Amino acid sequence: YCRYKDLVDPLTMLLGTGLRRSELLGLRWSDYDPVSGFVTVTGSLIRKKGEGLKRVDKAKTKKSIRSIELPLFVREMLAARKRTPYYGEQKMIFPSTAGTWRDPDNFNADWRKAREALGFPDVTSHSFRKSLATAGDERGMSARVLADHLGHSRVSMTQDAYLARGRAHAEIADMLDQIVTGQGPANSDG
């Protein structure tokens, strides 16, 4: 089902970039430089009353227009996709079956059906964005770096809405042991 509905490649791109759905589906092949491995978000899809779905050369915020270095697994997916008849021949990276811009609502409906069947009913396209932010935070990346990558205007948006909270942090107990007893994992004799 995921292959038939062309979900595998877009979901791979979401996993590897944390793009907004409207940014993902608004990507063109001309936005991707396979030599440098960067994709430049230059616009997004919007629905205009009386005009329908269209791509605009603007994004949600000023910071949303940005270049992102892609991980190797995304570059490999894009190289294979570019070589694939039909997909590699369109101006957009993730076209509809009619060769037009892919409707974000239709994409969502296809993903909703797939995620239910896969046993992940709560994993939305936005979940990939939040997971990327949390993974970066857990690896010590600053909220500013993550905000730049995600295209947030305010670092506080990244901190307040995207970084997972309410987790236990063993490093706090380790720090307190070191302060109070002079011992802990860092300088314990066993």
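Tyr86 is partly exposed, with a relative accessible area of 27%, where partly exposed lies between buried (under 20% relative accessible area) and exposed (over 50%), computed with a 1.4 Å probe on protein chains only. The model is predicted, so local features need pLDDT of at least 70 and side-chain atom pairs count only at pLDDT 80 or more, while totals for chains, interfaces and linings use all residues. Residues are numbered from 1 along each chain as its sequence is written, and side-chain values use heavy atoms, with hydrogens and water left out.

**Aromatic rings**

- The structure holds 2 aromatic pairs, a term for rings of Phe, Tyr and Trp (its six-membered ring) whose centres lie within 6.5 Å, with planes under 30 degrees apart counted as stacked, over 60 as edge-to-face and the rest as tilted.
- Tyr86 and Tyr87 form an edge-to-face pair, with 5.5 Å from centre to centre and 65 degrees between the planes, and Tyr87 is partly exposed at 22% relative accessibility.
- The rings of Trp111 and Phe128 have centres 6.3 Å apart and planes at 45 degrees, so this pair is tilted.
- This pair links distant parts of the chain, since Trp111 is in helix α4 and Phe128 in helix α5 (residues 125-138), 17 residues apart; helices (H or I, at least four residues) and strands (E, at least two) are DSSP runs numbered from the N terminus.
- Both Trp111 and Phe128 are buried.
- The charged end of Arg81 sits over the ring of Tyr87, 4.0 Å from its centre, which by definition requires NZ of Lys or CZ of Arg within 6 Å of the ring centre and within 35 degrees of the ring normal.

**Salt bridges**

- There are 13 salt bridges in the structure, each being a side-chain nitrogen of Lys or Arg within 4 Å of a carboxyl oxygen of Asp or Glu.
- Arg66 forms a salt bridge with Glu23, their closest N and O atoms being 3.0 Å apart.
- Because Arg66 lies in strand β5 (residues 66-69) and Glu23 in helix α2 (residues 21-24), the pair ties together parts that are 43 residues apart in sequence.
- Arg66 is buried at 7% relative accessibility, and Glu23 is buried with a relative accessible area of 1%.
- Asp31 and Arg55 meet through their side chains in a salt bridge of 3.7 Å, N to O, and both residues are buried.
- Arg47 forms a salt bridge with Asp105, with the closest N and O atoms 3.3 Å apart.
- Arg47 is in strand β3 (residues 44-48) and Asp105 in helix α4 (residues 104-118), 58 residues apart.
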